Amino acid sequence: PWSEQLYHRFLRINARVCKLPAEAIRLMKKSFRLLSSENSFDKLNGSAAFTSFLSDFIDSNLAESTAAPSPAIQNVMQYIGENLDQEIHLEQLARMCGLSLCGFKLKFKAETGVAPREYINLQKIEEAKKHMEANPSSSISDIAMNLGFSTSNYFSVVFKKYTGIPPRQYIRHLRKE
């Protein structure tokens, strides 16, 4: 759960190139040195140091990225959330904002830190995970179709991209709990 929180906070950082203070670089190097050790205690300390580095990095860079999206982008985000069961076309979202497709993509990414298609997929995968947790016996195909994916194979590819594991493995993990 902590790594997922760090991951989602990390995605909210708008800048893709960030300056690091010398202390952060030192902490990152220390964590890599400890993680490459054969000693399990060093590995544990390396993991803690790296987590600390990531948390500090995210906090310092999120401070620059926390401005709320414009009302137009907020409306688009709300529309996406309310229509996860549909195939959402970027052209339609651009029209909602009164922008060209290219202008919309640039504005959305500048204000949210992620591209619009990535945001849509992230929201759909979060919804899929909620559905799987509530109904672990659901079929992958039904979940994919209910979320507007064209095929269950494409859904599986997207799910694995954002969670690191295929949906079947995620469901197996839920059933074990």
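Hi everyone, let's start with serine 37. Leaving aside neighbours within four places in sequence, serine 37 is in contact with Asp42 and Lys43. One thing to keep in mind throughout: this is a predicted model.

Where does serine 37 sit? Its place is the loop between helix H2, residues 22–35, and helix H3, residues 40–62. And is serine 37 buried or exposed? Its relative accessibility is 17%, and the cut-off for buried is under 20%, so serine 37 counts as buried.

Now to the nonpolar cores. The largest one has 30 residues, and those touching the most other members are Ile80, Leu93, Phe104, Met132 and Phe155. Helices H4, H5, H6, H7, H8, H9 and H10 each give two or more residues to this core, and H7 gives the most, with six. Take isoleucine 80: not counting residues up to four places away in sequence, isoleucine 80 touches Ile88, Leu93, Tyr119, Ile120 and Gln123. There is also a second, separate core of six residues, with Ala24, Phe53, Phe57 and Ile58 among them.

Last, a helix pair. The axes of H7, residues 116–134, and H9, residues 152–163, come within 10 Å and cross at roughly 95°. Angles of 65 to 115 degrees count as roughly perpendicular, so that is how H7 lies relative to H9. On the H7 side, the contact is made by Glu118, Asn121, Leu122, Ile125, Ala128, Lys129 and Met132; H9 brings Tyr154, Phe155, Val158, Phe159, Tyr162 and Thr163. Sorted by class, that contact has nine nonpolar, two polar and two charged residues.

Thanks, everyone!

Terms used: Residues numbered from 1 in each chain as written. Predicted model: local features only at pLDDT ≥ 70, side-chain atom pairs only at ≥ 80, totals over all residues. Heavy atoms only, no water. Axes fitted to C-alpha atoms, helices over the stretch in contact; angles between N-to-C directions. Helix = DSSP H or I, 4+ residues; strand = E, 2+ residues; numbered from the N terminus. Parallel < 35°, antiparallel > 145°, perpendicular 65-115°, else oblique. Contact = heavy atoms within 4.5 Å. Nonpolar A, V, L, I, M, F, W, Y, C, P; charged D, E, K, R; others polar. Buried < 20%, exposed > 50% of the residue type's maximum accessible area, 1.4 Å probe, protein only. Core = buried A, V, L, I, M, F, W, Y, C linked by side-chain atoms within 4.5 Å.
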